Amino acid sequence: MSSPSANLNKVKTSYWLLSSLLLYLFIILSNGVAAQNGIKVTNVGAIIDLNSRIGREQKAAMEIAAESFNNKSNTHELLIHFRDSEGNPLLVGSAAEELLKEKKVQVIVGMEYWPEAVLVADQVRNQSQVVPVISFGAPLITPPLIQRRWPFLIRMTSDGSYQMKCIADIVAAYNWRRVVVIYEDDGYGGYVGLLGLLSEALQEANAKIEHHLVLPKLSSVFEPKFVELEELMKLPTFQSRVFIVLQSSLPTVNNLFRVANKMGLVGRDSAWIFTECITSLLAPQGNNDMEGALGIKTYYSESSSYDEFQKKFQVKYAEGNNSKPGIYTVRAYDTINVISQAIERMPSDTTSTSLQGMITTLLSNYKGLSGNMYLKEGEALLDSPRLRILNVVNGKMNTELNFWTPNGFSKGLGTSITNVVGKVKWPGNPRRTPKGWAMPSVEKPMIIGVPGETSFSKFVKVEYNKDNPYENTYDGFCIQIFYKVLSRLNYPLPYEFQADNGTYDELVEKVHNKRYDAVVGDITVLADRMDKVEFTQPYMGSGLSMIVPEVTDEEATWMFMKPFTWQMWVVTGSILIYTMLIVWFLECPSNPDFGGPLKNQIGTAVWFTFSSLFFAHREKVYSNLTRVVFVVWLFVVLVLTSSYTANLSSMLTIQRLQPNVTDIQMLLNTNAPVGLDGDSFVYNYMENVLGFKRDNLIKVSSEYSYTDNFQNKTISAAFLELPYADVFMNKYCEGYTSTTPTFRFGGLTFIFQKGSPIARDFTKAILELLENGEIKKLQNEWLTPEEECSKNSTSNQPKSLSLNSFSGLYVISGATSTFCFLLSLAIWMRRFQLQETNEGSASPSPSNENIWNKTVRIVKFFKLRDLEIPNRAPTFASYVVDWTTPRWGEYSPTSNNPEQPPAFMPAEIECMPVEQTETRV
């Protein structure tokens, strides 16, 4: 006998079988009635992720569209067969195969992700009967042969590139330079295309991605909160506080913000931006943890049709809490409407091929709830894409700020030149726009490096406290500019100076490696540093200036010899002597001026040749050959005197030692040692760019050491940057001269970490200081407090010629005149003595004659000396002969020799016929 429970199970089984049989008969009868009434049923397959909110919203929208069509149509009925992809592309292929073979679907829609669409398209292509496939997913970068491979595939999706450009414009509007990108790992690389588009758009906006934060799916980790927290802990090592969430599920986003709030990443100076896939999940309820975040949504006109659809949607999708349908929901609704209209317009013998053509025709110019669409290369695009910028306020993502189009932001309410997005309520509700950067605080001040040892202490000077390094004293021109800039910032900037004795290149690397937040000092802007750090506006110009000693007094004494080299002087003297001998040889036989004794001939030739240098010769020339020689010689004299005069004038009246490229080349050719600052980039620049040998580059540690090196002849020139050269010349302008910089650099500036918004604020403040003259006042106070030298060596005005420039010439002229005077005086004194001796033998002069009387007699003798001068002025040779003749040496006033010769020989008078004399005249 069976038990009561067994009997009850048999009854339940019989009841279930009976119910199934009745349902089967009802479906058959219904299809039969529909066939009898002429209603054609079209099966549509839909593959969506029913586990996601977007998938459930799309399912509700497609059901609403199908019900609306079935209620209105008397000849067609649309049946949608839904299959759950569960977010797994591997299940999509089997679902498509089932729909094609068992349900005989004529269209397949859905596939939120492109990998799913590819699997379905390949499955359809392998079937004997190809059906249209409408995908909600599309590749962000369209392959070139996609239409040839899958001509039946239509991509019903939004262009993701517009969203990325919108985000980049928001980043650019607030001058953010670094962002952190966050996305959930879907396991299939669906975010790769978005990353590429975002990176390209940010690059055009002068920004870049600093860090990627990949979040795992909640289902893939055992304790997701700890894993996400571990990932987020890495963020404080990055200075950027602009977070862009590309794609993620709603639970993952909610968990992300809970952790971010605990870590203080959703607060002052931070910004969060969501793409549309996340904004659609948040609207309108939002999340209190996301207060101040920005979201992007596609704009579509809310017409009467939309209002009707929204009412039905809110009834159909009750879990949405009266949320408005997003773009993904609206486009799913439009997709079913396109299919239903295509079916309705088809003739009775409808085939999949003709259905494909009709759908394509409708989408070529279709107006749906999402807007006007057109078909381009298999992709249904909005005619004029327009995005809305939303703000999470009071925990809800429903505050609309502005609109964005490919032409930029709209000029709506709350917008301005400096705030094109609108009146945003930022995280933490600050009064100013977030910097998008980890701003310093009292607990964590900005660490600023300062050059500890500088060659010129007027720029940066550090007084060390051996007991407490934190109490070091910092001062100087650069430090004072930093203080001026701080006073102009509209926010506090806690900072801490740290002296660093490394080189300037090492300081740049420490900022690049984030050891220092900034460096305040005399840092030069260079091209190879631009990729490592952020520079402010230069507060001083920079260039390479060369300093050399001026001409010393010893060198100026012989300045008149400088126009010609010693080789020129030797050759000029040689050609002069040679020309003199040639003239004497040609003129001696026929020219009476060159006649007489040999000593007279030589004297005349020498006088004639030397006087021709100044075109003062008076002797006549008789030989035509002499005239030829003399014409050439006069031309040589003309060129030599003109060149000498011009060169000497330029050396004496124009600023001397004005080095340029030629002077640098001279230093290179002579391997001259040059001094420079060993800690600056100038050392490598001199070696690698200008080509100086390393052995010829002398490192000078202090500004006071340059003068010692010049005096010791250790260096021939010093190469300094222009600001340092100005300081040096202001103090040591006497004896030195500098050049106008031939090689220019970027100027002196401060440096910050790459992408730091503080650098932009410093740039603005420095420009204001430059414009109002504050930096110029500091420059005069610290670098050139007063003119320490009255002489301006670098002036372009001609200098007055000093005695030193001609002292050597004056000495030669005076010495020559003095020698000739003394020689002549000795000769005449000798003759006076002879005359006194001859006269004394006849009438001796009193022995007690005073000096005055003797002086008077000497003067009278010299006054009457012209009476005894011969008709031809004695030459220097005659003086020498007369002075060295034995008769002068053998004569003595007390000599008893009556045959003593007279005091001097009478002049030789040469007589010639009157005819010859007239001929000479």
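Me: Which side chain does the side chain of Gln58 join in a polar contact of 3.0 Å?

Reply: First, a word on the source: this is a predicted model, where local features need pLDDT of at least 70, side-chain atom pairs count only at pLDDT 80 or more, and totals for chains, interfaces and linings use all residues. Residues are numbered from 1 along each chain as its sequence is written, and side-chain values use heavy atoms, with hydrogens and water left out. A polar contact is a pair of N or O atoms within 3.5 Å; within protein, one must be able to donate a hydrogen and the other to accept it, and residues adjacent in sequence count only if both atoms are side-chain atoms. By that rule, the partner of Gln58 at 3.0 Å is the side chain of Glu112.

Me: Is Gln58 buried or exposed?

Reply: Gln58 sits in helix α2, residues 53–72. Helices (H or I, at least four residues) and strands (E, at least two) are DSSP runs, numbered from the N terminus. Buried means under 20% relative accessible area, exposed over 50%, and partly exposed in between, with a 1.4 Å probe and protein chains only. Gln58 has 2% relative accessibility, so it counts as buried.

Me: Which residues is Gln58 in contact with, leaving aside neighbours within four places in sequence?

Reply: Contact here means heavy atoms within 4.5 Å. With those sequence neighbours set aside, the contacts of Gln58 are Ile48, Glu112, Phe136, Tyr328 and Ala332.

Me: What is the order of the open sheet of eight strands that has β2 as an edge strand?

Reply: Two strands pair if DSSP finds at least two bridges between them. In this sheet the pairing is mixed, and the order is β2-β1-β3-β4-β5-β13-β12-β11. Its edge strands, β2 (76–84) and β11 (366–368), each pair on one side only. As for the average twist from one strand to the next, that is 25 degrees.

Me: What angle does helix α3 make with β1?

Reply: Axes are lines fitted to C-alpha atoms, for helices over the stretch in contact, and angles run from 0 to 180 degrees between N-to-C directions. Helix α3 (residues 89–101) lies across β1 (40–48), β2 and β3, and its angle to β1 is about 175 degrees. Another helix, α12 (residues 327–345), packs on the sheet too, and its direction makes an angle with that of β2 of about 140 degrees.

Me: Is Lys104 buried or exposed?

Reply: Look for Lys104 in the loop between α3 and β3. It isn't a glycine, yet it has a positive phi of about 50 degrees. Its relative accessibility is 55%, so Lys104 counts as exposed.

Me: Where is Asn206, and is it buried or exposed?

Reply: Asn206 is in the loop between α7 (192–204) and β7. Its phi is positive, about 60 degrees, although it is not a glycine. At 52% relative accessibility, Asn206 counts as exposed.

Me: Why is strand β28 largely enclosed by the rest of the structure?

Reply: Strand β28 covers residues 743–753. Strand β21 (residues 518–524) pairs with β28 in the antiparallel sense over four bridges, and Val519 stands opposite Ile751. Strand β23 (residues 540–549) also runs antiparallel to β28, joined by four bridges. The strand is largely enclosed because, of its eleven residues, the number buried is eight.

Me: How many helices and strands does the protein chain have?

Reply: Zooming out, the chain has 921 residues, and 45% of them count as buried. Among contacts with a separation of 6 or more, 73% come from residues 24 or more positions apart. The tally for the chain is 30 helices and 28 strands.
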